[in-house]
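Subject: Structure handover

Hello,

Here is the structure for you to look at. My notes on what was found follow below it.

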Amino acid sequence: MILPDNSELELPEGATGRDAAAAIGPKLAEQAVLVRSNGSVKDLRLPLEDGEQIQILTTRDTDDPDALYVLRHSSAHLLAEAVRRLYPGVKIAIGPPVENGFYYDFDFPEPIAEEDLAPIEEEIRRELDEGRAWERQEVSRDEARRRFAEEDEPYKVELVESADEPISFYTQGDFTDLCRGPHLQDSKPIKALKLTGLAGAYWRGDEKKPQLTRIYGTAFYSQKDLDAHLERIEEAKRRDHRKLGPQLDLFHFSEHSPASPLWHPKGMVIWNELERIRRRENLNRGYHEIRTPIIYDEKTWWTSGHFPKYEDLMFKLEVEGRPWAMKSMNCPGAMLLFGSRPRSYRELPLRLAEASPLHRNELTGTLHGLLRVRIVTQDDAHIFCTEDQIQDEIAGCVDFARYTYELFDMTASAELSTRPDNKIGTDEQWDRNEAALERALALNEIPYTIAPGEGAFYGPKIDLFMDDALGRKWQMGTIQLDSQMPSRFGLKYVGPDNAEHDLYVVHRALYGSFERFIGILIEHYAGDFPFWLAPVQVRVLPVGDEHRAAADGIAEKLKEAGVRAEADERDETVGKRIRDAEVEKIPYVIVYGDRESEESLAVRERGGAQSTQSLGSFIAGLPSAP
Ligand SMILES: [Zn+2]
Ligand SMILES: [Zn+2]
């Protein structure tokens with residue numbers, strides 16, 4: 001075996017992960033939960049291979065995703081054991097770990113409700129007090145089928161049919177489950193567990209099949225971690241953009257056009273700030289803006305390759321007997337524009353930017369506020385370049401992305417997707433192109449992981465992520481290298497040798513889409529936008545009627561200075577109007593009464609700080625927009 005520090009460990013033939021842990025030390029053997037081998041996870045009970053590189057994860061790897069995965073998988077089995085004991089006649093289906101927790105699907109004889117979760121959780125706690133250990137056993141398909149038929153578990157019988165060999169059982173106490181593993185050695189590491197909710201779920205995700213009851217839960221290596229997790233959930237609810245958006249008067253959704261936001265004036269202020277930055281940076285970085293049609297005839301989509309792959313995602317219509325579709329991506333427009341006349345190598349790289357609305361017929365079940373909508377406005381661009389220019393162009397995109405995300409105090413990270421099995425092009429091309437993307441990430445010091453085989457068949461891609469204020473990772477833009485689409489549209493360029501050459505295109509979007517980006521920003525800032533993004537930056541409150549004219553004058557002067565200011569002249573008390581401004585998260589409030597003048601303003605900052613300043617020094621001290 002090779003250990004993470006590159007030292008070697010000699011073990012007899014057939015030794016398991018647990019044997020390896022024991023050979024290193026008794027403490028490690030006791031705390032071991034999982035073997036990680038070449039990026040995948042392996043049960044401690046399984047034999048290791050000669051020369052295998054292994055890492056043994058333990059109960060101290062409390063926030064390692066794989067260590068949590070195995071803990072939660074074992075917790076799901078405890079849940080199934082508890083439910084079977086409490087509800088005779090229940091049928092069990094599947095129970096995998098998922099992000100942030102686990103679930104198990106059941107077919108209950110009688111429906112259960114939220115309040116039934118507490119007694120189930122109590123029963124799991126009892127199991128934990130008693131202690132459980134997992135045993136792994138390999139069985140034949142016949143034996144597995146026979147066992148679950150005897151136990152009258154039809155879902156398991158069905159799963160046995162499609163299970164990969166070797167088929168294994170895991171047993172804890174009197175409960176045996178069909179399972180590939182891996183599992184904990186025993187239940188001691190499960191220090192904190194909570195059932196978090198109930199939902200309906202169709203068997204195998206098929207709405208024609210029986211509806212089952214899904215019980216969600218989560219588990220951690222310590223109570224402290226569970227508490228922190230639950231607190232994060234509360235905080236995320238508080239920041240939910242679906243709640244804050246309408247509350248801050250930024251946008252709303254209407255049943256008249258489901259999943260397409262109606263942007264209110266204040267929401268458009270944020271949108272336009274993003275647009276201002278997009279335009280300016282495109283200009284600074286040598287892009288040209290274009291605008292292309294929203295609908296194209298279906299032939300175009302066959303040429304681009306979007307049909308039939310994305311056909312279901314597209315809104316279709318018929319005009320003058322011809323079939324059309326609304327664009328779900330901007331690519332064809334850029335291709336047609338590039339191909340509108342012969343192109344010389346002297347024009348390359350040609351960077352064409354377009355942010356027009358795209359329509360995608362997302363399924364109702366997948367919609368989520370601004371994060372998944374049916375109208376998507378990408379900050380898109382297509383960069384046409386030669387093979388020699390790929391490196392610089394990708395590096396330019398990565399630099400642009402990092403610049404953009406840093407404006408919002410978010411940390412960028414990336415995932416590099418490499419050649420899939422069905423790739424086109426030679427290995428040498430892929431070596432060169434993947435290396436170009438990797439160098440661009442390294443050059444910009446953006447941390448990245450590699451997703452082997454996840455690239456599109458025509459080229460590798462970079463997916464960009466941002467960590468928000470809650471430490472959540474959001475997928476943002478993509479940078480995708482492609483030689484396929486230019487050739488589908490018959491695009492070439494004339495080189496210095498006067499001959500035609502193939503060219504590459506880089507598809508890239510950095511915000512991803514305006515809609516999604518604004519949704520994420522609302523949650524990232526919890527609605528407390530930095531001064532430059534705040535829809536209303538300063539509100540002036542006249543104390544009495546006699547102060548209105550002066551307050552208006554102050555607001556006007558602020559506007560002349562480029563500040564988004566307004567006066568609140570409602571017949572409400574000053575206290576009420578200050579509180580409203582706080583709820584609306586306005587960065588500065590100026591209260592104007594008898595004692596105030598342009599030379600001496602009472603300024604309240606968001607967060608409570610107060611000061612007295614002249615209008616001139618207040619304006620001079622305001623943060624400038626990036
Ligand atoms: Zn399992
Ligand atoms: Zn594209």
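At what angle do helix H12 and helix H13 pack, and how far apart are their axes? They pack at an angle of about 40°, with the axes 8 Å apart. H12 covers residues 390-407 and H13 covers residues 427-443. Helices here (H or I, at least four residues) and strands (E, at least two) are DSSP runs, numbered from the N terminus. Axes are lines fitted to C-alpha atoms, for helices over the stretch in contact, and angles run from 0 to 180 degrees between N-to-C directions.

Two points before the rest. This is a predicted model, in which local features need pLDDT of at least 70 and side-chain atom pairs count only at pLDDT 80 or more, while totals for chains, interfaces and linings use all residues. Residues are numbered from 1 along each chain as its sequence is written, and chains are lettered from A and ligands numbered from 1 in the order in which they are written.

Domains

The protein chain is divided into domain 1 (17-58), domain 2 (65-238), domain 3 (282-292 + 330-525) and domain 4 (531-620). These bounds come from an automatic or database domain assignment. The C-alpha centres of domain 2 and domain 4 lie 57 Å apart.

Helix pairs

Back to H12 and H13. Their crossing is right-handed. (A crossing is left-handed if the near helix is turned anticlockwise from the far one by less than a right angle, and right-handed if clockwise.) On H12, the contact is made by Ile390, Gln391, Ile394, Ala395 and Val398. H13 brings Asn433, Ala436, Leu437, Arg439, Ala440, Leu441 and Leu443 to the contact. Two residues are in contact if their C-beta atoms, placed from the backbone, lie within 7 Å. By class, the contact of H12 with H13 has 9 nonpolar, 2 polar and 1 charged residues. Ala, Val, Leu, Ile, Met, Phe, Trp, Tyr, Cys and Pro count as nonpolar, Asp, Glu, Lys and Arg as charged, and the others, Gly among them, as polar.

Next, helix H9 (residues 265-284) and helix H15 (residues 514-525). They pack at an angle of about 115°, and their axes are 11 Å apart. That makes H9 roughly perpendicular to H15. The cut-offs are these: angles under 35 degrees count as roughly parallel, over 145 as roughly antiparallel, 65 to 115 as roughly perpendicular and the rest as oblique. The crossing of H9 and H15 is right-handed. Ile270, Trp271 and Leu274 of H9 meet Phe514, Phe517 and Ile518 of H15. This contact has 6 nonpolar, no polar and no charged residues.

Then there are helix H5 (residues 141-150) and helix H6 (residues 154-162). Their axes come within 8 Å and cross at roughly 170°. That makes H5 roughly antiparallel to H6. From H5, the contact takes in Arg141, Ala144, Arg145, Phe148 and Ala149. From H6, Lys156, Val157 and Val160 take part. The residues divide into 5 nonpolar, no polar and 3 charged.

Sheets and strands

Strands pair if DSSP finds at least two bridges between them. One open sheet of 3 strands has the order E7-E8-E9, with antiparallel pairing. Which strands stand at its edges? They are E7 (135-139) and E9 (175-178), each with a single partner strand, so one side of each is left without a neighbour in the sheet. The twist averages 25° from one strand to the next. E7 pairs with E8 (residues 167-172) over 5 bridges, and Gln137 has Phe169 in E8 as its bridge partner. E8 is joined to E9 by 4 bridges. Tyr170 stands opposite Asp177 in E9. E8 and E9 form a hairpin with 2 residues between them, and Gly173 in the turn has a positive phi of about 55°.

Another open sheet of 3 strands runs in the order E15-E17-E16, again antiparallel. Its edges are E15 (295-297) and E16 (316-319). Neighbouring strands are turned by 35° against each other on average, direction ignored. E16 and E17 (residues 322-326) pair over 4 bridges, and Leu317 stands opposite Trp324 in E17.

Finally, strand E31 (residues 601-605). It pairs antiparallel with E30 (residues 588-592) over 4 bridges. Val591 has Ala602 in E31 as its bridge partner. E31 is also joined to E32 (residues 610-613) by 4 bridges, again antiparallel. E31 and E32 form a hairpin with 4 residues between them, and Gly607 in the turn has a positive phi of about 105°.

Best wishes
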